[in-house]
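Please read it with the coordinates open.

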Amino acid sequence: MPVHRSGTAGRAPLAAAGILLAVLALILALPGSAGAAQVPARGTAWLGMGVAAHDGVHTGGVTPQVTQTEGVDTSSHNGNVAWSTLWSSGVKWAYVKATEGTYYTNPYFAQQYNGSYNVGMIRGSYHFATPDTTTGAAQANYFIAHGGGWSKDGKTLPGALDIEWNPYGAACYGKTAAGMVSWIKDFVNTYKAATGRDPVIYTATSWWTQCTGNSAAFGSINPLWIARYATSVGTLPAGWGVQTMWQYTSSGPTVGDHSHFNGALDRVQALANG
């Protein structure tokens, strides 16, 4: 009669189950798998990248209460932009991504920045902030050195700081609210010292509230470019009584991201002239 040895009968099924679980975990970790975290490549972020996912899209048409001037923003994901088409449609100003962190420059910058200027637009450039990689001062200097400067030619807007959800990790880049406010101050103060202009701050109210503690430290100094895909701008971040610009959609004609400047074209020109 065979002798049963305690523990041996159940080991094979348990070992097989363990192998299956390990294989399943490996499959889920593969790029493109349903369970894998989809993190974009560094440098591919653009202005407003996280707005729809975090704040939603509330359709129904835009109803501005004062004269507005149409503008757009572009980055490398737009490729070569049809600027003459945009100009003919009524777009009069543009912001072009120049840099990200201290590791990326937009390969389409020349076509986009010079192309918008050449058709008659007032244009500027923006920097996608990554506060978890280097200091605000380092990123401001990198931005200025790679297209983010300013000149009083009547056609160049002050540089813009794009500070929003982190597409590569934790929403607030691992910083406390006080740490984030300090980083932003480092950036804007460095930019002002180098160019003589206060940079525009682009953000969304929900991100600003979460990641800066709804700081009011910049409202009296830096023009606000608010992101909200809805029929109105909604509540603004603390310190700002009015927005200078409002990115109201990511699905507009030709390039997608469209904004209203809060005023007629002469107000856009005034911001350019400083």
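1. Among contacts (heavy atoms within 4.5 Å) in the chain between residues at least 6 apart in sequence, 68% join residues at least 24 apart. The model is a predicted one, in which local features need pLDDT of at least 70 and side-chain atom pairs count only at pLDDT 80 or more, whereas totals for chains, interfaces and linings use all residues. Residues are numbered from 1 along each chain as its sequence is written, and side-chain values use heavy atoms, with hydrogens and water left out.

2. The secondary structure comes to 8 helices and 9 strands, where helices (H or I, at least four residues) and strands (E, at least two) are DSSP runs numbered from the N terminus. Of the 274 residues in the chain, 46% are buried, that is, under 20% relative accessible area with a 1.4 Å probe and protein chains only.

3. Helix H6, residues 177-195, has 19 residues and reaches 27 Å from its first C-alpha to its last, close to the 27 Å expected, the expected span being 1.5 Å times one less than the number of residues. Its buried residues, among them Met180, Trp183, Ile184, Phe187 and Tyr191, pack against strands S4 (122-128), S5 (160-162) and S6 (200-203) and against helices H5 (136-148) and H7 (205-212). An α-helix has 3.6 residues a turn, so residues three or four places apart point the same way. After H6 comes Gly196, whose phi is positive, near 85 degrees.

4. A search of the whole structure finds 1 disulfide, defined as a pair of cysteine sulfur atoms within 2.5 Å. The disulfide is formed by Cys172 and Cys211, with their sulfur atoms 1.9 Å apart. Because Cys172 lies in the loop between S5 and H6 and Cys211 in helix H7, the pair ties together parts that are 39 residues apart in sequence. The torsion about the S-S bond of Cys172 and Cys211 is about -75 degrees, so the disulfide is left-handed, and both cysteines, Cys172 and Cys211, are buried.

5. Strand S7 (residues 224-227) is covered on both faces, with Leu224 and Ile226 buried on one side and Trp225 and Ala227 buried on the other. S6 and S7 pair in the parallel sense over 3 bridges (pairing requires that DSSP finds at least two bridges between two strands), and Thr203 stands opposite Ile226 in S7. S7 is also joined by 3 bridges to strand S8 (residues 245-249), and these two run parallel; here Ala227 stands opposite Gln247 in S8.

Conventions
Buried means under 20% relative accessible area, exposed over 50%, partly exposed in between (1.4 Å probe, protein chains only).
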